[in-house]
Amino acid sequence: MSGKYLVTGGAGYVGSVVAQHLIEAGHEVVVLDNLSTGFRAGVPADARFIEGDIRDAAKWLDASYDGVLHFAAFSQVGESVTRPEKYWDNNVGGTMALLGAMREAGVRRLVFSSTAATYGEPEQVPIMETAPTRPTSPYGASKLAVDHMITGEATAHGLGAVSLRYFNVAGAYGHHGERHDPESHLIPLVLQVAQGRREAISVYGDDYPTPDGTCVRDYIHVADLADAHLLALKAAVPGEHLICNLGNGEGFSVREVVETVRRVTGHPIPEVVAPRRGGDPAVLVASAAAAREKLGWNPSRADLAGIVADAWEFAQQRAEQAN
Ligand SMILES: NC(=O)c1ccc[n+]([C@@H]2O[C@H](COP(=O)([O-])OP(=O)(O)OC[C@H]3O[C@@H](n4cnc5c(N)ncnc54)[C@H](O)[C@@H]3O)[C@@H](O)[C@H]2O)c1
């Protein structure tokens, strides 16, 4: 059945892809975004766009909405260490205002972008949802605080909510792809080297206890992630807060990613080994068992070369537009 959904942060990377999927599934989409890190051009053509802040969501939310998909947040781990107040204010304060507006309007269904950063250094991999949550950055702590807020809202006021804890989102979907500024994610950074926009890729540490010494991460295609959001909307039950990891359950090392980019782009990609960064766990891989079992999610684009190829096509499109 089609519905009407508010997508906060729908001018950003993940939000724009999910908004596009919702539209393709026949839903009506309203994007609310203050363009602090997003781009007007990222908003799908068939969505209505409100340039505004989630703190003012009460101005626009009313009972005509069937639910909210909440992507709007700041998400730079390093910046959150130097400016934690910015993260508490936007991610926690902003979400508190949004939850209040939803309560007032009687909108009782929510899907929230949580993160693997809520777990911190894992004791065991793959990481299950029952693992201890000990975030190592204010960013991760702010997202964990929101998860707790949502649990309270579900218990006390009957919200039906699903938090999806993403691992490393990558790839692109048509005209919607990753364009963070500054960019901190590995695949778009390596693609910048392939495009000649960056001389070499820095590999932070090659002495980790992993097969090739570099960090291992779980990359999930943004379109698979979008599928999970549509399933999560169906799985949201009033009074319950479900938390699911989203990853492929398979890890790739930094060197494997760089090698894949070499193969896909045909560019040599010089590497520079740099010291380890504080707070980078050796291995972060999700257990996706809960998402499969509770949402019925079945990722179909897990192949790393395919993920890189889609991101490369998007990066090339953008380079052509800039010329
Ligand atoms: N990209 C990843 O790998 C990843 C991994 C884990 C979790 N997440 C989470 O997913 C969500 C989306 O990430 P992304 O990579 O698309 O980030 P992004 O920066 O591309 O998108 C975030 C969007 O939210 C908007 N926004 C921020 N604060 C706002 C506010 N107060 N009011 C209105 N709009 C606001 C920004 O303008 C931007 O368009 C974030 O919540 C992030 O924490 C992303």
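Predicted model: local features only at pLDDT ≥ 70, side-chain atom pairs only at ≥ 80, totals over all residues.
**Entry 1: the largest cavity.** I sorted the lining of the largest cavity into five nonpolar residues, one polar and three charged (Asp, Glu, Lys and Arg are charged; Ala, Val, Leu, Ile, Met, Phe, Trp, Tyr, Cys and Pro nonpolar; the rest polar). Numbering starts from 1 along each chain, and side-chain values use heavy atoms without hydrogens or water.

I found one cavity of 30 Å³ or more. By cavity I mean 1 Å grid points where a 1.4 Å probe fits but cannot get out, lined by residues with an atom within 4 Å of a point. About 50 Å³ of space lies in the largest cavity, taken as the space filled by probe spheres on the joined points. Its lining runs through Tyr119, Glu121, Pro122, Glu123, Gln124, Ile127, Ala131, Pro132 and Arg134.

**Entry 2: cis peptide bonds.** I looked at Val125 and Pro126 and found a cis peptide bond with omega about -5°. I placed Pro182 in the loop between β7 (168-170) and α5.

**Entry 3: the second largest pocket.** I noted about 320 Å³ of space in the second largest pocket (a pocket is an open set with protein on both sides within 12 Å along at least five of seven lines). It has 20 lining residues, and Glu178, Arg179, Gln192, Arg197 and Arg318 lie nearest its centre. The largest share, six residues, belongs to α9. By class I get nine nonpolar, five polar and six charged.

**Entry 4: the largest nonpolar core.** I listed 39 residues here; Leu22, Leu69, Leu164 and Leu246 touch the most other members. Elements giving two or more residues include β1 (4-8), α1 (13-24), β6 (160-166) and β11 (241-246). I then followed Leu69. Outside four places in sequence, Leu69 is in contact (heavy atoms within 4.5 Å) with Tyr5, Leu6, Val7, Thr8, Val18, Leu22, Val111, His229 and Leu233.

**Entry 5: Ser114.** I found Ser114 in strand β5 (residues 109-115). Ser114 is buried at 2% relative accessible area (buried is under 20%, exposed over 50%, partly exposed in between, 1.4 Å probe). Beyond four places in sequence, Ser114 is in contact with Lys143, Asp147, Ser163, Leu164, Arg165 and Tyr166.

**Entry 6: positive phi.** I checked Leu35, whose phi is near 60°, positive in a residue other than glycine. Leu35 lies in the loop between β2 and β3 and is partly exposed at 24%. Ile269 also has a positive phi, near 50°. I placed Ile269 in the loop between α7 (254-265) and β13 (271-274). Ile269 is buried, with 0% relative accessibility.

**Entry 7: Asp56.** I located Asp56 in the loop between β3 (48-51) and β4 (67-70). At 33% relative accessibility, Asp56 is partly exposed. Asp56 and Gly152 lie 96 residues apart in sequence, and I read 21 Å between their C-alpha atoms.

Technical notes: Helix = DSSP H or I, 4+ residues; strand = E, 2+ residues; numbered from the N terminus. Core = buried A, V, L, I, M, F, W, Y, C linked by side-chain atoms within 4.5 Å.
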